[in-house]
There are 4 protein chains.
Amino acid sequence: MRALILNCTLTARPEQSNTEALVDVVAAAMRQEGIDVDVVHVADNDVKPGVSDGEGDEWPAVLALLRNAEILVIATPTWRSQPSSIAERVLERMDALIAETDEQGRPFAYNRVGGIVVTGHEDGAHYVIAEVARSLIDIGYTVPGQAWTYWNMGPRPGPSYLETDHEHDWSERTGRTAAANLVAVARALAEGPMPAPAE
Amino acid sequence: MRALILNCTLTARPEQSNTEALVDVVAAAMRQEGIDVDVVHVADNDVKPGVSDGEGDEWPAVLALLRNAEILVIATPTWRSQPSSIAERVLERMDALIAETDEQGRPFAYNRVGGIVVTGHEDGAHYVIAEVARSLIDIGYTVPGQAWTYWNMGPRPGPSYLETDHEHDWSERTGRTAAANLVAVARALAEGPMPAPAE
Amino acid sequence: MRALILNCTLTARPEQSNTEALVDVVAAAMRQEGIDVDVVHVADNDVKPGVSDGEGDEWPAVLALLRNAEILVIATPTWRSQPSSIAERVLERMDALIAETDEQGRPFAYNRVGGIVVTGHEDGAHYVIAEVARSLIDIGYTVPGQAWTYWNMGPRPGPSYLETDHEHDWSERTGRTAAANLVAVARALAEGPMPAPAE
Amino acid sequence: MRALILNCTLTARPEQSNTEALVDVVAAAMRQEGIDVDVVHVADNDVKPGVSDGEGDEWPAVLALLRNAEILVIATPTWRSQPSSIAERVLERMDALIAETDEQGRPFAYNRVGGIVVTGHEDGAHYVIAEVARSLIDIGYTVPGQAWTYWNMGPRPGPSYLETDHEHDWSERTGRTAAANLVAVARALAEGPMPAPAE
């Protein structure tokens, strides 16, 4: 079983991404469960706006990994309490998957699961979780209970994740729980899959 | 396996609720799958504000049904593009369930699934779906892919569901798909359950 | 000029509401500007669900104050990253004001301004601000720039406002700014009012 | 007085954008009020992700127009009930304006107003309005009452704006009202401006 974590940070390599630090915890927990985990730093790829599978940019390479992954995690910083524009673009490009079905007529994302990792300078994580979860559910992903973790230190614009130790324990433990929940539900759906939509 | 549909319409009995008309489709589809379905017209019950299991009102009776149900559907009209205040109150009272665990340390809602039914005079369903889905996921419910249906007729405040036939077919078919997805994922989780949260 | 602050806390009197502590700062700042400020503890009033001006409950008394106020502040705790069900109910009942116009055909809320105060145990304030602001704008209230303040201490469910001094300074200063912005824009609209809607 | 409308459609020139058709109504109504209106088709510009004023792309040219405009309208299609990734990117880049103040210490966006135009295939406009309005208010823009218009035709993914005449009248009239409200509040703020934030 494979997982893909799309790190949608704005931080360019080689600077360390705050989001990546929390992503690492989730990835490690999934690997301990025997999952193959790919992590893509989306900002390294040229992803153009649009709602098609696309050509002329690097989305097809990301999409190829996404097609192989039963587990998808969208990891994003918050800016203005929103996902990064890179996360939005990824979800926008995934729009094309809504109409894609397998040989049994099931949408692409059925029997796949999605989760969310958020880091921010400030309040906003629940807003981001709501938005990303709803997008994933629309496309057909199942979002397991408590399949997310986040970190910020409100109120007010405050330090970044890597600038403090404040409550890392909680965010990391919550991230390990999210990883376990994603793996458990992905495995349950592999054994007991969803049917094709109603006629 | 049991399902509970909480119809959070503002419409008082015996007037027919628009939301109920679409709820009936989802309930029938679940019953065809062999599920026992309870539908509660929440407005008939005195549910006070708060975040406790409560006493002194009729929430405990609703909660007793909720405890027996592996499948929960929140059905709500939209007003100002939001869930009804009755739906918000139900979710507020369910807050107490976050801290409740079974003998294995798993939150109450683990291995239960949640879905959403929305009817409105106007645009707003996706806003409601986002909000209710996020609340359910926070509490620990798993939200299956495409486990919702909705109806409205935008733009502008328009007719109610029962006042027109416009696109009922789509909303009903989407409702049957939601029912099937809820049942499939609930059964998958019964066979392959989620573990207790990480230490 | 008059302001009404609706404190939508779940906390029953005489226990002190966390939200009230931050409300007091905003109210004091408005009074210093010469504004008459009423603060209503909504939980003390029986407000039934619905979208009518109503009778048979205590909403009409709240509504009478609301009609006199050029400035409205919705103050609410966050539960599950949402406004309290009391705040939702207030906004739901305000729905009736959308169709109410003055002798010049202007919706009730034109030339009135709205703001938001949020306190919580955890991340979620921006979600609440978005939801309340959009509701107020729909009804016709103008929401001035940065007309809100909030407090919480993420990540994870943490202490209440009154249990810590953490960053009170920021939330209070932001609250004084919100008060000043509400007063300035209310005064500007009194001098240069919005017209009736387009035919 | 100047207005800037940022059309954040995904549609590449020279194909006609659905969003542009509704934008034209809002622009015409503002011009009738004597406002100079610029409309920028953002997709024609290379705007990179990030939260800085930037260099190395075409954002600075858009930003120059934005600095001259007392009125800003974000116009966007909905995809997955969200603003386009182009709209998100614009708002992300505007994040840099939060910290920018004038000689009196007032944030850049104080005394400027913002509005929203949305077109979509499906339900989602109110979600978009909430998100964009909150972002603008955070930055310091004032959002006048009912300063938005939208069009879609729910439920289900349906026709585009230009493919049908369904309820164009309502969306256009609502757009003219939004234009009038934006102009009126911008003028009121020019006469009676907001002060610098509290110390």
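Biologist: What should I know about the model and its numbering, and which pLDDT do side-chain atom pairs need?

Modeller: Residues count from 1 along each chain as its sequence is written, while chains are lettered from A and ligands numbered from 1 in the order written. The model is predicted, side-chain values use heavy atoms without hydrogens or water, totals for chains, interfaces and linings use all residues, local features need pLDDT of at least 70, and side-chain atom pairs need 80 or more.

Biologist: What rotation superposes chain A on chain B?

Modeller: Copies are fitted by least squares on the C-alpha atoms of residues with pLDDT of at least 70 in both. The shift along the axis is 0.0 Å and the RMSD is 0.0 Å, with a rotation of 180°. That is the relation of a two-fold axis. The rotation asked for is 180°.

Biologist: Which residue of chain D comes closest to the rotation axis?

Modeller: Chain D is laid on chain A by a turn of 180° and a shift of 0.0 Å, with an RMSD of 0.0 Å. The closest C-alpha of chain D lies 3.0 Å from that axis. The residue is D:S85.

Biologist: In what order do the elements of chain A run?

Modeller: Chain A has 5 helices and 6 strands. These are DSSP runs, numbered from the N terminus: helices are H or I with at least four residues, strands E with at least two. From the N terminus on, the order is β-α-β-α-β-β-α-β-α-β-α.

Biologist: What radius of gyration does chain A have?

Modeller: The radius is taken over C-alpha atoms, and the globule rule is 2.2 Å times the number of residues to the power 0.38. For 199 residues, a compact globule would come near 16 Å. Chain A agrees, with 16 Å.

Biologist: Is C:A180 buried or exposed?

Modeller: C:A180 sits in helix α5 of chain C, residues 168-191. Buried means under 20% relative accessible area, exposed over 50%, and partly exposed in between (1.4 Å probe, protein chains only). At 17%, C:A180 is therefore buried.

Biologist: What distance separates the C-alpha atoms of C:A180 and C:D95?

Modeller: The two residues are 85 apart along the chain. Their C-alpha atoms are separated by 27 Å.
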